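The sequence and structure are shown first.

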Amino acid sequence: MSYLRKIEYRVIPEESFEILRNCAGCGCKATFHNTNSFRVNANGNKVDVWLIYQCVRCKHTSNLTIYERRSPKSILQDEYEKFLSNSKELAFEYGTNSQFFARNRVEVDWSHIKYAFKRETSLMDGNEQLFHKGDLLVISNSYLLKIRSDKIVSEILNVTRSKMKEMERLGIINVTEKKQEHKIIIKLDRELCNEDTI
Ligand SMILES: [Zn+2]
């Protein structure tokens, strides 16, 4: 069938990720949070830049590498100034960048992730909150947040997970995951009954 309306969402983090790593102060694995402070070390013609994390229990700090022994010329002036002024914006950008954590080989604490769905399409038909037969919902998880896809789908549709599974079984919705693109596609193939109102 053809789809009448395409509605796009993005899953966006609301806070910097917390990380789990061994803490020298606590002597065990602990949670560290983003301090929104950078440390810049310019040594001759090489620059090192770190983002500083801090143990939530004992305040011990741990640095995650942004640049290691880089030539100053290879760093954008604008970004360099943001490091020096401890730009909160830039700290959030790194603090929610899954690849940055992967590069530093640290574990993100996905159990405490705060996120929201941002609707990309603005519709002015007065029924923005209602989904109908013929709707195609595209949810992008471009920040690569580790959230189960059935959780995302049930939250978007505002139904319980078991209700969502039943809707799938009854052919009301059709859910496909495009893992490589980090997208979830929900097709509404049948009109929702009154008690299904979402
Ligand atoms: Zn600690």
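## Domain organisation

Domain bounds, as used here, come from an automatic or database domain assignment. The model is predicted. For this protein the assignment gives domain 1, made up of residues 5-13 + 113-196, and domain 2, covering residues 19-112.

The centres of domain 1 and domain 2, taken over C-alpha atoms, are separated by 34 Å. Domain 1 contributes 5 residues to the contact, and domain 2 contributes 4 residues. On the side of domain 1 that touches domain 2, 4 residues are nonpolar, 1 is charged and none is polar.

## Model confidence

The protein has a mean pLDDT of 91, and 91% of its residues reach 70 or more. Confidence is highest in helix α2 (residues 88-95), at 98, and lowest in strand β1 (residues 5-13), at a mean of 93.

Where pLDDT is low, predicted coordinates should not be read in detail.

## Sheet architecture

Strands of a sheet pair through backbone hydrogen bonds, in either a parallel or an antiparallel sense. In this model, 5 strands make up an open sheet with the order β5-β4-β3-β2-β6, and their pairing is antiparallel. Strands β5 (61-70) and β6 (107-108) form the edges, each pairing on one side only.

Between strand β2 (residues 19-23) and β6, the antiparallel pairing extends over 2 bridges. Ile-19 is placed opposite Val-108 of β6.

## Helix packing on the sheet

Helix α2 lies across β3 (28-43), β4 (46-55) and β5. Relative to β3, α2 runs at about 125 degrees.

Technical notes:
Residues numbered from 1 in each chain as written. Predicted model: local features only at pLDDT ≥ 70, side-chain atom pairs only at ≥ 80, totals over all residues. pLDDT = per-residue confidence, 0-100. Helix = DSSP H or I, 4+ residues; strand = E, 2+ residues; numbered from the N terminus. Contact = placed C-beta atoms within 7 Å. Nonpolar A, V, L, I, M, F, W, Y, C, P; charged D, E, K, R; others polar. Pairing = 2+ DSSP bridges. Axes fitted to C-alpha atoms, helices over the stretch in contact; angles between N-to-C directions.
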